[in-house]
Amino acid sequence: MTTRLIDESLFENRGYHDEGDERFDGGDPPRLAGARCSDCGTVVFPRQDSCPRCPDGAMSAHVLPVSGRVWSWTLQAFPPKPPYRPPAEGYRPYHVGYVDLGEVLVEARLAVPRAEIRIGLPVRLTTVHAYREEDGTEVVTFAFRPEQDGEQ
């Protein structure tokens with residue numbers, strides 16, 4: 001089965017293969033690719049060409065940390081608007097929220113059971129199934145899961 005990222009521009013290391021939960025080449029965890037302003041130091045995700053805070057800074061690629069903490073969360077109880085594609089088995093509610101990565105808040109899917117989710121929960125970047133294309137290709141997106149003891 002072929003697998004691909006939902007949008008390769010969101011990731012720093014784009015080589016992809018199936019290997020347990022961490023699906024990137026060499027066993028490295030996935031890394032999100034943001035941008036940092038050369039003038040004021042503002043970090044954004046996803047990447048953009050101009051700084052949202054100052055007119056003079058040049059934006060350069062900046063790899064984001066893989067670990068953070070849930071800053072806020074909610075249950076996505078209804079299907080999002082297109083371009084969202086529901087899975088073949090039908091829509092199932094899931095958690096979404098903001099993850100504080102220190103330099104930037106990232107809006108993301110949270111692969112965290114309801115009994116465990118809370119503000120301040122340590123989480124780690126991973127990938128989750130988004131949908132399957134007509135040719136059978138599995139499309140994955142980024143998400144955050146609970147961080148395990150000893151992960152850094």
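Me: Why is Arg124 called buried?
Reply: Its relative accessible area is 9%. Buried means under 20%, exposed means over 50%, and partly exposed is what falls in between, using a 1.4 Å probe and protein chains only. Since 9% is under 20%, Arg124 is buried.

A word on the basis: this is a predicted model, where local features need pLDDT of at least 70 and side-chain atom pairs count only at pLDDT 80 or more, while totals for chains, interfaces and linings use all residues. Residues are numbered from 1 along each chain as its sequence is written, and side-chain values use heavy atoms, leaving out hydrogens and water.

Me: What makes the meeting of Glu147 and Arg124 a salt bridge?
Reply: A salt bridge needs a side-chain nitrogen of Lys or Arg within 4 Å of a carboxyl oxygen of Asp or Glu. For Glu147 and Arg124 the N to O distance is 3.5 Å, so the pair meets that rule. Glu147 sits in the segment after β9 and Arg124 in strand β8, 23 residues apart. Strands here are DSSP runs (E, at least two residues), numbered from the N terminus.

Me: How many salt bridges does the rule give?
Reply: The count comes to three. One of them joins the side chains of Glu133 and Arg4, at 2.6 Å from N to O. Glu133 lies in the loop between β8 (122-132) and β9 (138-146), and Arg4 in strand β1 (residues 3-5), 129 residues apart.

Me: What makes the link between the side chains of Ser9 and Asp7 a polar contact?
Reply: The distance is 2.7 Å. A polar contact is a pair of N or O atoms within 3.5 Å; within protein, one must be able to donate a hydrogen and the other to accept it, and residues adjacent in sequence count only if both atoms are side-chain atoms. Ser9 is in the loop between β1 and β2.

Note on methods: Helices (H or I, at least four residues) and strands (E, at least two) are DSSP runs, numbered from the N terminus.
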